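Subject: Handover of a structure and findings

Dear colleague,

Please find the structure below, followed by an account of what was found in it. I would be grateful if you would read the account with the structure open.

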Amino acid sequence: MCTYNITVDEAALQKLQPSFSRESFGRWLQSHVDALVEDLTAEPHSGSSIAHTEEEMKAIVEERLRLMESGNATYIDGEAGFAQIRERYGL
């Protein structure tokens, strides 16, 4: 593990979150730094059903454009689309 010193404007921090103490802010900041490091070091294709490589995304977009340009695309209402996403991913 490495230790770093950072400087935070305490007056600005109190405006942002009055309930932060020095200790609670340190824990909060540590959790965000840990998450950032994890995100930055994660494999680009995690195997998730919603993760795609750059090449896969290009192919998906090209196919969708082809369908739209040919008039064979199926369109759904935006609210219906968001409802499907919320149901599928539990959002």
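A salt bridge is a side-chain nitrogen of Lys or Arg within 4 Å of a carboxyl oxygen of Asp or Glu. By this criterion, the structure holds two salt bridges. The model is a predicted one, in which local features need pLDDT of at least 70 and side-chain atom pairs count only at pLDDT 80 or more, while totals for chains, interfaces and linings use all residues. Residues are numbered from 1 along each chain as its sequence is written, and side-chain values use heavy atoms, with hydrogens and water left out.

Helix 3

Helices are DSSP runs of H or I with at least four residues, numbered from the N terminus. Helix 3 covers residues 54-70, which is 17 residues. From first C-alpha to last, helix 3 reaches 24 Å, close to the 24 Å expected at 1.5 Å a residue; the expected span is 1.5 Å times one less than the number of residues. After helix 3 comes Gly71, with a positive phi near 80°.

Side chains of opposite charge can pair when their charged atoms come close. Glu54 is exposed, with a relative accessible area of 54%; buried means under 20%, exposed over 50%, and partly exposed in between (1.4 Å probe, protein chains only).

Arg66 forms a salt bridge with Glu63, and their closest N and O atoms are 2.7 Å apart. This pair also lies in helix 3, three residues apart, about one turn of the helix. Arg66 counts as partly exposed because its relative accessibility is 42%, and Glu63 counts as partly exposed at 35%.

The nonpolar patch

Met57, Val61, Leu65, Met68 and Tyr75 make a nonpolar surface patch of about 480 Å². Such a patch consists of residues with over 30% relative accessible area and no salt bridge, its nonpolar side chains (Val, Leu, Ile, Met, Phe, Trp, Tyr) being joined within 5 Å. Areas come from the Shrake-Rupley method with a 1.4 Å probe, and for residues only the protein chains shown count as cover. Met68 is placed in helix 3 and is partly exposed, at 40% relative accessibility.

Helix 4

At its start, a side-chain oxygen of Asp77 reaches to within 3.0 Å of the backbone nitrogen of Glu79. Gly90 follows helix 4, and its phi is positive, near 65°.

With kind regards

Terms used. Helix = DSSP H or I, 4+ residues; strand = E, 2+ residues; numbered from the N terminus. Patch = residues over 30% accessible without salt bridge, like charges linked within 9 Å, V, L, I, M, F, W, Y side chains within 5 Å. Polar contact = N/O pair within 3.5 Å; in protein donor to acceptor, adjacent residues only side chain to side chain.
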